[in-house]
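Here is a friendly walk through one structure, taken a region at a time. Please keep the viewer open as you read.

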Amino acid sequence: MTATPLWKRLLILAICLWGIAASVPNLFYARVERHNDAEAAIAAADGVATPDQTAAKALWPDWVPSALMSLGLDLRGGAHLLAEVQVEDVYKARIDALWPEVRDKLRDLRDQVGNVRRQPSPDGVLRVSVSEPAGLPAALAAVQSLATPVVSLTGVGQNDIDVAVQGDAIVVQLSDAEKTATDGRTLQQSLEIIRRRVDEVGTREPTIQRQGTNRVLIQVPGIGSAAELKALIGTTAKLTFNAVVGRTTDAGAEAGARNLLLPSMDEPGVYYIVEETPVVSGDELTNAQPAFDQNNRPAVEFQFDSAGARKFGDYTAESIGKPFAIVLDDEVISAPTIQSHIPGGRGIITGSFTVEESTNLAVLLRAGALPAEMTFLEERTIGPELGQDSIDAGKTAAIVGMVAVVLYMIACYGWFGVMANIALTVNILILIAVLSTIGATLTLPGIAGIVLTMGMAVDANVLIYERIREELRDGRPPDRAIELGFERALSAITDSNVTAILTAVIMFAIGSGPVRGFAVTLGIGIVTSLFTAVYVTRFIIETWMAWRRPKSIQV
Amino acid sequence: MAWRLRLVPEKTNIDFFRLQVVTFGISVLAVVLSLLSVAVLGLNFGVDFQGGTTIRTESTQSVDVGVYREAMGTLDLGDVSITQVFDPAFRDDQHVAMIRIEAQEGAEAATPEVIARVEAALKAVDPAITFPSVESVGPKVSSELIWSALLAIVAGSAGIWIYVWARFEWQFAVGTVAALIHDVVVTVGVFSLFQLKFDLTIVAALLTILGYSVNDTVVIFDRLRENLAKYKTMPLREMMNLTANETLSRTIMTASTTLISLTALLIFGGDVIRGFVFAMLFGVVIGTYSTLYVAKNIVLFLGLDRSDKTKGDKGGTKSTHEFANIDA
């Protein structure tokens, strides 16, 4: 038989050796994981290591590959949430924020348009009536001048707001292009905030991904339950600074149009009536940190960005002596009276906090508010014990399956079965090595995929061996039979594997969660088994043939 | 001569078409019955596809379904099903049950309050109880998941159709896809008949069955194509039998190695993926059957154009021709 060229042999050997080396860390999972964690922690601290970290880092030599398969939620335990971001919330906030500007514009035209009033309208729509219908065109032009062009790929040439006249009123709402652009920003901001909040508690490898136009997938391994994760993310941690209209102890008090009745956080039974449109909102904060006020009580210091600082400065300048409310999640944290003009955008929130509460509040403020509320479409919690049980069960099944297939192959093909088994083992190792290197996540169906690969990987070997048997029966000498067996089985192997890869790709593209994990291991398993069955087995058989030079062989 | 395990004798001469009326009839009947079963009995959809909540409970005390049911009786949850789970891998004091609660009326999303109430009620009757997994899917997502699952299967079949068509004759593509549909429909039928839980992982299993079954079928077709070029005058039926007999040893061999590893998973893989493994196990058996008795029959029925312009010129069979020359 024609020998494989040397460079090809070396390449095959190199890939096999790499597979073995790169799969080994998974054997010492806990050890390598601690090493990797320590390494990451040291890198994060700019190379400064605690003794514990140094000890953990020493658990695994640096020059050995240390990439691991990460374990999916179903194996490690943790929580999975699929949230839908209520992007319409942002439309409403944007439109509400527009009202003061519209009012000011039209006030300048009072002699033409008369009195201006905001009329009741659905959320996200601003309806403004003027008392002089003759002034409508002028009012329309004035409001239209507030529009700015949308900067986006699809919305070229469109303005951010649609302004129209309906009866005696001007109706303003966000344009479709602006809505699309806003959705994108809202999602981006939500993702960022969720990521920061999840990172604050230091959990390992959280998955936070955008899905579709308005959904966020959050997977956090090692967290106790989905409820805990939700508490961490907070459905609406929204901080605003609002002007106070009044204070009451009547829970049913009429707040009046465009006002809100909000309970006080630390004074039971006290309610504040505040203006719905905030003076400044939490997303204009640049920093917040726990501090102490002049009486040494825990407090939170904050700093606005320049726009927020200007607004806050203007407001405090013109409202000296009036109270304003600091509102967090629809509760008034405190309602201090403005003592003086506060320029520069620095301030301090005092209230009856404990040190821990003030720290949490600072974290919450620093992480920023979620721009919109989220509803949870899917919640899954998997306990760590169940995950461990699944790992154990998967291990047992994999070992039993492997041993059974190995024995069966030897029973059917004798020495050639042994050679196929070596290839099978190399196949599993390379599969694990590839999964580790690309950072794929191993799930329970993924383990099933690996076990299934063991069964199906030998298929290519079976095709080749059966073909060799046929050629031997036809009276060909051993080396010729082997060569023909490999050559002729190739077309069947290719066709059957391409279709299998095709289904794996489709599963990956369309499927979600467990289906994907399965598709990844199955797909990679098919590719690695093609390599080992065709190249590695051939390499082993060739080497053996060259060494023993058998007169006859039995497959 | 060293000993070898042989499931299939070296030379077989089985006429796969002798009972073709019976075998094909059985296949058609199975497909029809499966469709009927799905139409009449429906599928026991998991929360992935129907919305709702499943709670897995684990306790050191034995599970008493009646007590659980009573504890949750006052919560007004609608349809609740409680099943005890058994697995050889469980410890003696490990008692597991699955509680399934339907999607709550009017709820778009998952319902955490309901979960909290159920957990509290169960803790009251069994303080040792823990909840190793809780999965809650809102109706909005579940209907989308059904569609994406269907889409995956249709796209999978279409992809295979196109590939087989491109590599072989269109008759082969029809035969292959008919066999695939047969396998998938009958597997779904079995899930419907025995009301086994049908969730996302089962869809993955169905897709794997597609992949396996097509693998099996294509190997025989590949050999058939080779034989078509080799024996130009042999009647198609005879040639198909020859091909199937030549590849029978491989067909059985691959089926058995796959079944061996799947059986290991079925027994030792734990109860969480048992349904998934069962679907694949069943699919491998039926996929092997359909390779031998469905796909070829359809190609034979459709007939093949055997004038010499056949696919010999296309890439895939070139090698066959070359070797045919060497052999001669």
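This is a predicted model: local features need pLDDT of at least 70, side-chain atom pairs count only at pLDDT 80 or more; totals for chains, interfaces and linings use all residues.

Strand β4 (residues 125-130) of chain A is joined to β6(A) by 5 bridges, and the two run antiparallel. Two strands pair if DSSP finds at least two bridges between them. Residues are numbered from 1 along each chain as its sequence is written, while chains are lettered from A and ligands numbered from 1 in the order in which they are written.

Strand β5 (residues 161-166) of chain A also runs antiparallel to β6(A), through 6 bridges. Here V163(A) stands opposite V172(A), and I161(A) stands opposite L174(A). The hairpin of β5(A) and β6(A) has 2 residues between the strands, and G167(A) takes a positive phi near 65° there.

Which order do the strands take? The open sheet of 4 strands reads β3-β4-β6-β5 in chain A, with antiparallel pairing. β3 (116-119) and β5 of chain A each have a single partner strand and stand at the edges, so one side of each lacks a neighbour in the sheet. On average, neighbouring strands of this sheet are turned by 25° against each other, direction ignored.

Strand β6 (residues 169-174) of chain A is mostly covered, with 5 of its 6 residues buried. Buried means 20 or more other C-beta atoms within 10 Å of the residue's own, exposed means 12 or fewer, and partly exposed lies in between, with C-beta atoms placed from the backbone. Helix α7 (residues 136-144) of chain A lies across β4, β5 and β6 of chain A, running at about 170° to β5(A).

## A buried alanine

A38(A) sits in helix α2 (residues 29-44) of chain A. A38(A) is buried because 21 other C-beta atoms lie within 10 Å. Leaving out residues up to four places away in sequence, A38(A) touches Q53(A), A56(A) and K57(A); contact means C-beta atoms, placed from the backbone, within 7 Å. A38(A) and Q53(A) are 15 residues apart in sequence, with 5.1 Å from C-alpha to C-alpha.

## Where the chains meet

In all, 62 residues of chain A are in contact with 63 residues of chain B. On the chain A side, α12(A) gives the most, with 16 residues. That side has 36 nonpolar, 16 polar and 10 charged residues. Ala, Val, Leu, Ile, Met, Phe, Trp, Tyr, Cys and Pro count as nonpolar, Asp, Glu, Lys and Arg as charged, and the others, Gly among them, as polar.

The axes of helix α12 (residues 384-437) of chain A and helix α8 (residues 236-268) of chain B come within 8 Å and cross at roughly 155°. Axes are lines fitted to C-alpha atoms, for helices over the stretch in contact, and angles run from 0 to 180 degrees between N-to-C directions. The residues of this contact divide into 12 nonpolar, 4 polar and no charged.

How values were computed: Two residues are in contact if their C-beta atoms, placed from the backbone, lie within 7 Å.
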